[in-house]
Amino acid sequence: DNGNIQPLVSLTRRETDVLRLLAKGYSTPQIAAQLGIRPGTVLGYRKQLHNKLRVNKATELIFKAGELHLL
């Protein structure tokens, strides 16, 4: 039974950058400025993160990332 085993989640370097800044409380525009990318690009990375971690909200994303030791 694999019920309790979490699948490995692989994040790109940029997804990890966005996730870490999100966890620090940065907004999408702040993350964009920090990384030198457009806010729309940040939103794309956030969408990818939500899909990979199978969550709907930023708070869930950060919590699950912590559980999976991605932060």
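A residue counts as buried when its relative accessible area is under 20%. In this predicted model, Leu-61 has 0% relative accessibility and therefore counts as buried.

**Overall fold**

The protein contains four helices and zero strands, and along the sequence its pattern reads α-α-α-α. The radius of gyration is 12 Å, close to the 11 Å that the globule rule gives for 71 residues, so the protein is as compact as a globular protein of that length. The C-alpha trace spans about 45 × 20 × 20 Å along its principal axes. Of the 71 residues, 32% are buried. Among contacts with a separation of 6 or more, 49% are made by residues 24 or more positions apart.

| Helix | Residues |
|---|---|
| H1 | 13-23 |
| H2 | 28-35 |
| H3 | 39-53 |
| H4 | 58-67 |

**Helix H1 and its cover**

The buried residues of helix H1 are Glu-15, Thr-16, Asp-17, Val-18, Leu-19, Leu-21 and Leu-22. Helices H2, H3 and H4 are included in what covers these buried residues of H1. Just after H1, Gly-25 adopts a positive phi of about 95 degrees.

**The nonpolar core**

The largest nonpolar core holds 16 residues, of which Val-18, Leu-19, Ile-31, Leu-53, Leu-61 and Leu-70 touch the most other members. Each of H1, H2, H3 and H4 supplies at least two residues of this core. The most is given by H1, with four residues.

With residues up to four places away in sequence not counted, Val-18 touches Ile-31, Leu-35, Val-42, Tyr-45, Arg-46 and Leu-49. Leu-61 lies in helix H4. Leaving aside neighbours within four places in sequence, Leu-61 is in contact with Leu-19, Leu-22, Leu-49, His-50, Leu-53 and Val-55.

**Surface and charge**

The protein exposes about 5000 Å², and carbon and sulfur atoms supply 50% of this area.

Conventions: Residues are numbered from 1 along each chain as its sequence is written. This is a predicted model: local features need pLDDT of at least 70, side-chain atom pairs count only at pLDDT 80 or more; totals for chains, interfaces and linings use all residues. Side-chain values use heavy atoms; hydrogens and water are left out. The radius of gyration is taken over C-alpha atoms; the globule rule is 2.2 Å times the number of residues to the power 0.38. Buried means under 20% relative accessible area, exposed over 50%, partly exposed in between (1.4 Å probe, protein chains only). Contact means heavy atoms within 4.5 Å. Accessible areas come from the Shrake-Rupley method with a 1.4 Å probe; for residues, only the protein chains shown count as cover. A nonpolar core is a set of buried Ala, Val, Leu, Ile, Met, Phe, Trp, Tyr and Cys residues joined through side-chain atoms within 4.5 Å.
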